[in-house]
Amino acid sequence: MSEAPNPHPSDSGTILERLDRVIAADPTNAMWHWRRGVTLAAADDFPHAREALEKAISLLPSYADAWVSLGGVHVKMGDRKSAKRAFRSAADIEPLTEGAIAGYLSNAWLPEFAVWGIKTAIQGYWRKLRRRTQCADATQTVQEAINFGDRRHYAAAIDVLRRGLARCPGYVPFAKYLGAYLVMHGNRQQSRQLLEKMVAWWPEDPQTHLALGVCLSALGDVPAASAVLKRALALDPGNHDIQVALSAIGAAPPPAPNLIETRNVFDNYAEHFDSDLVRGLDYRVPEKLAAIFAERGRVWDRMLDLGCGTGLTGVSLRPYTRHLTGVDLSRAMIDKAKARGVYDMMYQGDCVAFLQQIDATYDLMVATDVLVYFGDLANLFRAARVRLVPGGVFWFSVEEWGGEGYVQQLTRRYQHSLSYIRATAHTTNLRPVFEQQIDIRLENRRPVRGLLVALERTDDFSEDKSWQFQPGSTPSGAAST
Ligand SMILES: C[S@@+](CC[C@H](N)C(=O)[O-])C[C@H]1O[C@@H](n2cnc3c(N)ncnc32)[C@H](O)[C@@H]1O
């Protein structure tokens with residue numbers, strides 16, 4: 001591209017310098033060329049503006065805003081025929097673009113545009129009104145799709161969104177969620193094409209960037225995903241979803257869990273939890289734990305079921321305890337658990353806060369498929385240790401992370417490494433007495449790798465290595481629990 005002429009107003013000069021730098025770094029992004037064209041046009045440099053806008057269109061022919069801007073530049077340069085062609089292209093691509101309507105109106109005084117311009121503007125206006133009626137239930141439709149998505153019924157979510165998009169083509173959340181669910185359903189290339197188009201259309205929308213970033217990471221293009229997600233975070237600093245997505249590709253530390261969001265997810269999920277998880281995803285951790293307990297034959301005095309959910313673990317382990325207490329964040333999950341009639345006491349709230357506030361002690365604590373909502377485990381382990389009697393044991397499952405420490409996945413669930421669990425147990429004076437690799441459940445028809453671990457409260461912790469981990473088996477010398 002040729003040099004911008006001098007002198008420019010000082011403002012646009014600075015903007016142009018910045019635009020030149022981003023274009024040099026990313027020459028294939030149509031949006032920057034469009035911005036350059038608009039800036040040059042504002043400085044009355046129409047030949048260079050036309051060049052920049054044509055470049056934007058060559059990179060992304062469906063870029064309606066760029067066509068509208070080019071039409072305006074043609075008008076200023078007296079080329080009415082090309083202007084009309086450019087406006088028509090914009091109208092063909094996106095008849096409802098605000099910019100396109102403004103473009104037709106502002107140029108309607110020109111004789112060639114008089115009838116066509118006003119007619120197009122009026123048609124656009126009516127279509128816009130009609131679309132508003134057709135889209136009146138759009139938020140509800142998105143919610144319907146999310147409800148399917150939360151239950152991992154991605155094909156149903158995609159179907160709802162596709163129908164919504166056909167009825168209401170310009171509605172960003174339809175396309176955004178469609179892109180995300182296509183990724184989860186495995187149609188990644190299709191999703192990438194859709195989302196790249198959307199990012200060009202809505203360059204200021206962080207959610208669209210987020211969806212594209214997630215798609216690129218699913219495709220394994222980590223550098224591109226990282227760049228798109230960082231742009232998303234710049235547009236919406238502090239956004240939890242974007243931080244999670246960056247952490248999932250190792251480009252940022254894992255954010256802390258969001259308890260309100262977790263509670264809402266399970267309040268909405270309670271109705272379908274048992275059928276989806278047990279029947280749909282072959283979730284069997286409570287039964288696996290019950291089989292180990294049955295083999296050992298011990299009956300405990302007081303068991304605390306942390307994150308008891310709908311009570312699946314309560315039902316499985318009830319024969320092995322004289323007293324059973326359940327605690328969970330979600331009221332709807334607790335209501336389901338209560339209906340099973342196996343708990344002696346139930347509490348609603350965060351289990352760390354619960355452990356820190358009570359006086360009671362337990363000889364057995366269990367948390368099945370709950371630590372996946374925790375991230376850092378130190379506070380939980382510390383609080384559990386205080387409420388365990390000496391020799392008491394804390395059994396739990398995690399999704400296994402093959403690297404160091406722990407990460408948060410795009411599914412929002414955390415994964416923990418065995419070394420992190422051991423190190424955290426060590427610093428909180430708990431001793432691993434059981435470690436076994438298990439399959440937690442299915443995800444996209446593949447097993448999710450996990451660990452079943454038991455930590456014992458020990459008041460004389462020593463560097464006892466006798467429980468060294470053997471994949472798929474109980475460590476030798478494990479304490480009998
Ligand atoms: C996947 S469900 C597992 C439920 C049950 N343990 C089972 O195995 O069926 C996770 C449960 O943990 C609960 N949960 C997540 N974070 C929690 C927290 N900080 N305190 C208490 N409950 C929590 C959720 O509300 C949800 O009911």
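View 1. A backbone N or O atom of Cys351 sits 2.9 Å from a nitrogen atom of the ligand. Polar contacts here are pairs of N or O atoms within 3.5 Å. The protein buries 99% of the 600 Å² that the ligand exposes when taken alone, with areas from the Shrake-Rupley method and a 1.4 Å probe. The side chain of Asp350 also places an N or O atom 2.9 Å from a nitrogen atom of the ligand. For Tyr283, a polar side-chain atom lies 2.5 Å from an oxygen atom of the ligand.

A note on the model: it is predicted, local features need pLDDT of at least 70, side-chain atom pairs count only at pLDDT 80 or more, and totals for chains, interfaces and linings use all residues. Residues are numbered from 1 along each chain as its sequence is written, and side-chain values use heavy atoms, leaving out hydrogens and water.

**View 2. The shell around the ligand has 22 residues.** A residue counts as near if one of its heavy atoms lies within 4 Å. Tyr283, Gly307, Asp328, Asp350 and Thr368 come nearest. By type, the shell holds twelve nonpolar, seven polar (Gly is counted here) and three charged residues. Helices are DSSP runs (H or I) of at least four residues, numbered from the N terminus.

**View 3. Helices α3 and α4 pack together.** Residues 46–59 form α3 and residues 64–76 form α4; their axes, lines fitted to C-alpha atoms over the stretch in contact, are 9 Å apart at an angle of about 155°. Angles run from 0 to 180 degrees between N-to-C directions, and those over 145 count as roughly antiparallel, so α3 and α4 are roughly antiparallel to each other.

Conventions: Polar contact = N/O pair within 3.5 Å; in protein donor to acceptor, adjacent residues only side chain to side chain. Helix = DSSP H or I, 4+ residues; strand = E, 2+ residues; numbered from the N terminus. Parallel < 35°, antiparallel > 145°, perpendicular 65-115°, else oblique.
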